[in-house]
Each structure stands twice: as C-alpha cells, then as structure tokens.
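Student: I have a model open and would like to learn how to read its contacts. Could you walk me through it?

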Amino acid sequence: MSVGLVESVNVGVPRVVEVDGRSVLTAIWKDPVEGRVPLRGVNFEGDDQADRTVHGGPDKAVYAYGLEDTTWWSSELGAELGPGAFGENLTVSGIPVSEAVIGERWEVGTTLLEVAQPRVPCFKLGLRFGDPTFLRRFAQAGRPGAYLRVVDEGDIGAGDQVRVTSRPEHGVTSALVSRALLGEHELLGRAAEAPELPAGLRDWMLERASAHDARRPGS
C-alpha cells in the first residue's frame with residue numbers, strides 16, 4: 001500500500017469577503033499551523049466551515065490535496081501557491097490524492113481516515129483565486145483531491161506519514177466520481193458502485209444514471 005507524507009495541516013475560520021457589493025462568509029482561506037493538531041468529531045482544532053449545509057460534516061470532515069497537484073497549478077497559473085491554497089486541511093505528498101479509491105483508509109498520525117468523496121467546486125473557490133471562471137478550470141483539470149471522514153479521532157502534524165491501510169476492490173476513485181458528477185454522466189453508474197460514498201449522493205447518482213440510460217438510443 002502507498003505511503004505519503006503530511007506537508008502541512010491547515011485550518012481557518014469563516015471570514016467575511018466583499019464581492020460585487022455584497023458580503024460573503026467563507027472559510028476557504030486555510031493557513032498552516034505548527035505542532036500536532038487534534039482532530040475531533042468533524043473538524044481539526046481551530047477549523048470551521050461557513051455553511052455546513054454544503055461544506056463539512058461527517059463525510060467532508062477533512063479535505064486533502066496533493067502537493068504535486070498544487071505544484072502543477074502553480075505552473076498553470078504562473079503563481080507560487082502555498083499550502084492550503086485550495087482550502088485543504090491536509091497538504092500531502094507522495095500519494096496521488098485524486099486517484100484515491102472511495103473507501104480507502106489512511107492512517108495519519110494517530111487518526112484513521114476514510115476517503116468519502118471528491119471535492120465539487122463551488123463559487124467560493126473562485127473567490128479564493130479572484131477568478132469566477134476558475135471553477136470550470138478546476139473541474140476540467142481532473143484534480144479534485146479528496147474529502148475524508150474520521151473513523152478514529154486523534155492528532156496530526158506536519159511530517160506524519162500517510163499510510164494507506166486498505167483499499168476496496170471496486171476501484172472507483174475520487175477523480176472518477178468527480179468526472180461523473182461534473183458532466184460525464186455515462187460514468188454515473190460505474191461511480192455509484194462504491195458503497196462507501198455518502199448514501200444521499202450515491203442514491204442521487206443511481207437515479208441520474210437510470211435516467212441517463214433511459215434516454216440513450218435503443219433503450
């Protein structure tokens with residue numbers, strides 16, 4: 001199984017951002033913190049989400065993004081991007097995060113985490129990069145990272161290993177689910193083969209897959 005490294009643990013609390021004359025509350029700005037950071041319930045200590053209806057919660061407790069992906073974006077954008085640039089809690093290296101299999105488990109520090117779903121970008125990612133069109137670029141890049149749920153609480157610090165301890169045989173990756181959700185609807189049925197997806201999301205995908213199949217010629 002794969003072994004990676006935690007480059008940084010990043011946290012942040014909601015802040016008000018002025019956009020086109022209106023105030024938006026967002027916690028997408030995350031900054032690295034030193035030392036070991038407790039992970040309890042659905043948050044790292046010192047971290048929060050602005051809108052729990054679409055962010056955070058048991059199936060989006062920890063967002064991980066690869067240093068290699070951040071480096072790729074730095075080249076694409078012509079700007080140096082640091083840890084937490086994508087609002088991730090864990091910046092990791094040595095593991096292709098977007099190719100993590102849904103349901104795969106990671107031992108990180110004293111915690112046990114499980115890959116739950118990809119990140120589907122919302123307008124706040126555009127706010128973070130000062131470009132509302134960045135959502136489309138992010139979606140098309142196929143580098144969604146991965147949200148993880150907390151199986152065992154504990155603490156994590158920069159320099160900890162990320163050890164993949166188990167990986168489901170269905171092979172459905174975070175990137176595959178992202179592609180299915182963001183336009184490649186012919187992949188919905190395949191993506192929904194991962195039972196570890198959040199139940200509501202999986203049910204929605206199965207319904208959409210059935211509807212998509214019904215519209216195909218010859219169905």
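Student: Let's take salt bridges. How far apart are the closest N and O atoms of Arg167 and Glu104?

Tutor: Keep in mind that this is a predicted model. A salt bridge is read from the gap between a side-chain nitrogen of Lys or Arg and a carboxyl oxygen of Asp or Glu, with a cut-off of 4 Å. For Arg167 and Glu104 the closest N and O atoms are 2.8 Å apart, so by that cut-off they form a salt bridge. The two partners come from distant parts of the chain, 63 residues apart: Arg167 sits in the loop between strand 13 and helix 4, and Glu104 in the loop between strand 8 and strand 9.

Student: Are these two partners buried or exposed?

Tutor: They differ in class. Arg167 counts as partly exposed at 36% relative accessibility, whereas Glu104, at 1%, counts as buried.

Student: How many salt bridges does the structure hold?

Tutor: There are 12. Among them is Arg163 with Glu107, where the closest N and O atoms lie 3.4 Å apart. Arg163 belongs to strand 13 and Glu107 to strand 9, so this pair ties together parts that are 56 residues apart in sequence. Arg163 is partly exposed at 32%, and Glu107 is partly exposed at 33%.

Student: Which residues are linked in a network of salt bridges?

Tutor: Asp59, Arg105, Glu114 and Arg149 are. Arg105 is partly exposed, with a relative accessible area of 30%, while Glu114 is buried at 10%.

Student: Now the aromatic rings. What describes a pair of them?

Tutor: Two values do: the distance of the centres and the angle of the planes. This structure holds 13 aromatic pairs. In one of them, the rings of Trp73 and Phe138 have their centres 6.2 Å apart and their planes at 10°, so the pair is stacked. Trp73 is in helix 1 and Phe138 in helix 3, 65 residues apart, so here too distant parts of the chain are linked. Trp73 is buried, at 1% relative accessible area, and Phe138 is buried as well, at 2%.

Student: What is the geometry of the Phe86 and Phe134 pair?

Tutor: That pair is tilted, with 6.4 Å from centre to centre and 35° between the planes. Phe86 lies in the loop between helix 1 and strand 8, and Phe134 in helix 3, so the pair ties together parts 48 residues apart in sequence. Both phenylalanines are buried. Step back, and ring pairs link Tyr63, Tyr65, Trp72, Trp73, Phe86, Phe129, Phe134, Phe138 and Tyr147 into a cluster.

Student: Where do Arg119 and Arg143 lie?

Tutor: Each lies over the face of a ring. Arg119 is over Phe138, at 5.6 Å from the ring centre, and Arg143 is over Trp72, at 4.1 Å.

Student: Last one: why is helix 4 described as largely enclosed?

Tutor: Count its buried residues. Seven of the eight residues in helix 4 are buried, so the rest of the structure largely encloses it. Those seven are Ser174, Ala175, Leu176, Val177, Ser178, Ala180 and Leu181. They pack against strand 10, strand 11, helix 5 and helix 6. After helix 4 comes Gly183, whose phi is positive, near 135°.

Conventions. Residues are numbered from 1 along each chain as its sequence is written. This is a predicted model: local features need pLDDT of at least 70, side-chain atom pairs count only at pLDDT 80 or more; totals for chains, interfaces and linings use all residues. Side-chain values use heavy atoms; hydrogens and water are left out. Buried means under 20% relative accessible area, exposed over 50%, partly exposed in between (1.4 Å probe, protein chains only). Helices (H or I, at least four residues) and strands (E, at least two) are DSSP runs, numbered from the N terminus. Contact means heavy atoms within 4.5 Å. Rings of Phe, Tyr and Trp (its six-membered ring) pair if their centres lie within 6.5 Å; planes under 30 degrees apart count as stacked, over 60 as edge-to-face and the rest as tilted. A charge sits over a ring if NZ of Lys or CZ of Arg is within 6 Å of the ring centre and within 35 degrees of the ring normal.
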